[in-house]
Amino acid sequence: LTFRVGAKYTIRGPRTIALSFLEAGVEDLRISDFVEQLLAPAILPRQFVSMQILQRLRELELRVPLRGQGPMAEGGGACYQLTYLDQTMLVGRASGSGGSFIFERAVQEPLPE
């Protein structure tokens, strides 16, 4: 299971950025052998419907927009003090809560035409 979050950033200072989270998503679901056996038992002939359910679960991509009210929605975002930054990774500490976070830049694949 992969959890992805889409965000945009605003530079607030030399080592501070504000992140506004735009959407969250779940993908790359791996079905356990147990669940597969529940949906399509090996003893019974596998039917088209059960095979379709298994295929759709494997290809599942669920995305939810994170648009709300308040400072996060108005472009304010959560502030992070940068500890490390390169082309693919950002390590920072959230202002206020002090929690440490590691963000990795994922390459977006173009949509098929």
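In which helix is Leu 38 found? Leu 38 lies in helix H1, which covers residues 33-39, where helices (H or I, at least four residues) and strands (E, at least two) are DSSP runs numbered from the N terminus. The model is predicted, so local features need pLDDT of at least 70 and side-chain atom pairs count only at pLDDT 80 or more, while totals for chains, interfaces and linings use all residues. Residues are numbered from 1 along each chain as its sequence is written, and side-chain values use heavy atoms, with hydrogens and water left out.

**View 1. Leu 38 and Phe 34 in helix H1.** Leu 38 counts as exposed because its relative accessibility is 56%, exposed meaning over 50% relative accessible area, buried under 20% and partly exposed in between (1.4 Å probe, protein chains only). Phe 34, which also has its place in helix H1, is exposed with a relative accessible area of 60%. Between the C-alpha atoms of Leu 38 and Ser 50, twelve residues apart along the chain, the separation is 9.7 Å.

**View 2. The largest nonpolar core.** Six residues, Ile 17, Leu 19, Tyr 80, Leu 82, Leu 90 and Ala 94, make up this core, a nonpolar core being a set of buried Ala, Val, Leu, Ile, Met, Phe, Trp, Tyr and Cys residues joined through side-chain atoms within 4.5 Å. Two or more of its residues come from each of strand E2 (16-27), strand E4 (78-85) and strand E5 (89-94).

**View 3. The surroundings of Ala 94.** Apart from neighbours within four places in sequence, Ala 94 is in contact with Cys 79, Tyr 80, Gly 99 and Phe 101, contact meaning heavy atoms within 4.5 Å.
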